[in-house]
Amino acid sequence: MEKIIYALWKDSAEDGARFTARLLGEIAPRLDGLAHAVRINVQDDSVAAGTSPRMASTLPQMDAVVQLWLPSANDPERAAVDAIIAEAAPRHAAWLASESTIIANTLDPPTPGARTEGFSQIVFLGLPPRLSWDAWRDAWQRQHSAVAVDTQSNFEYVQNLIVRPLSYGAPAYVAMVEECFPAAALTDEAVYFDAVGDTARLAENQRLMMESCARFIDFDRIDCIPTSQFDIRPFAR
């Protein structure tokens with residue numbers, strides 16, 4: 001079983017609400033019939049007014065992310081899915097990923113086809129030129145993982161190590177991270193940093209998180225977007 005991540009850029013002339021409705025109402029059922037599991041993340045009206053971290057190095061920034069699992073990500077076995085994705089958006093990029101689930105969502109388990117509680121933060125990372133790939137991965141997965149758990153209110157935390165691009169011209173990301181947070185964290189940094197009512201803890205958690213991120217992230221090589229998460233067909237774990 002292989003995991004594929006697609007980033008989608010909608011037509012600028014298409015209304016965001018219409019794009020979301022097409023993804024969920026027309027595209028998702030077709031993908032569901034081809035894949036072992038399907039998840040759609042989209043920047044929609046539910047997250048548009050949020051003040052949680054939002055960073056962009058890819059312009060224009062992707063509007064949605066589709067994650068799915070197929071028996072094989074090889075070109076011939078992926079062709080039918082690629083064709084559906086191409087109908088969904090005029091531009092897309094695809095990567096093969098190796099998934100590591102640090103925190104599984106047991107707090108608010110997703111209901112198939114419904115919006116997951118809270119919001120999902122999607123982060124694409126590029127490799128800082130100052131680091132070798134091995135040094136970068138060590139700083140991220142071995143050193144940073146516990147910091148991300150200890151300083152935030154995330155109730156799902158999934159690390160996706162990019163194995164290789166699957167589409168021509170795909171941005172040279174080395175990782176995609178997905179974290180789910182309570183709805184209140186979208187506009188309240190004390191909730192986001194798991195420090196409600198404690199200004200000293202808030203400041204300390206922010207410091208620890210930023211110091212850890214600076215070890216493996218160049219902030220001109222990151223895309224961070226809040227999304228609504230829809231598990232069309234949850235992965236059977």
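This is a predicted model: local features need pLDDT of at least 70, side-chain atom pairs count only at pLDDT 80 or more; totals for chains, interfaces and linings use all residues.
Eight strands close into a barrel, with antiparallel pairing, in the order 1-3-2-8-5-7-6-4. From one strand to the next, the twist averages 30 degrees. Helix 2, formed by residues 75-88, packs on this sheet and touches strand 1 (2-9), strand 3 (64-70) and strand 4 (91-103). The direction of helix 2 makes about 20 degrees with that of strand 1. In general, the strands of a sheet pair through backbone hydrogen bonds, and the pairing may be parallel or antiparallel.

Individual pairings give this order more detail. Strand 2, residues 37-42, runs antiparallel to strand 8, and five bridges join the two. Within this pairing, V42 has S228 of strand 8 as its bridge partner.

Nine of its nine residues are buried, so strand 7 is largely enclosed by the rest of the structure. Strand 5 is joined to strand 7 by eight bridges, and these two strands run antiparallel. Here Q121 has E179 in strand 7 as its bridge partner. Strand 6 is likewise antiparallel to strand 7, with six bridges between them. N160 stands opposite M176 of strand 7.

Attention now turns to the largest pocket, whose volume is about 280 Å³. There are 22 residues in its lining, and those closest to the centre are Q121, V123, M209, C213 and I217. Two or more lining residues come from each of strand 5 (119-126), helix 3 (133-150), strand 7 (173-181), helix 5 (199-216) and strand 8 (222-233). Helix 5 gives the most to the lining, with four residues. By class, the lining of the largest pocket comprises 18 nonpolar residues, three polar residues and one charged residue.

The last stop is P165, which lies in strand 6, a strand spanning residues 156-165. The relative accessible area of P165 is 48%, so this residue is partly exposed; the exposed class requires a value over 50%. When residues up to four places away in sequence are not counted, P165 touches A94, W95 and A170. P165 and L8 are 157 residues apart along the chain, and their C-alpha atoms are separated by 14 Å.

How values were computed. Residues are numbered from 1 along each chain as its sequence is written. Side-chain values use heavy atoms; hydrogens and water are left out. Buried means under 20% relative accessible area, exposed over 50%, partly exposed in between (1.4 Å probe, protein chains only). Contact means heavy atoms within 4.5 Å. On a 1 Å grid over the protein atoms alone, a cavity is a set of points where a 1.4 Å probe fits but cannot get out, and a pocket is an open set with protein on both sides within 12 Å along at least five of seven lines; lining residues have an atom within 4 Å of a point. Grid points are joined across faces, edges and corners, and a volume is the space filled by probe spheres set on the points. Ala, Val, Leu, Ile, Met, Phe, Trp, Tyr, Cys and Pro count as nonpolar, Asp, Glu, Lys and Arg as charged, and the others, Gly among them, as polar. Two strands pair if DSSP finds at least two bridges between them. Axes are lines fitted to C-alpha atoms, for helices over the stretch in contact, and angles run from 0 to 180 degrees between N-to-C directions.
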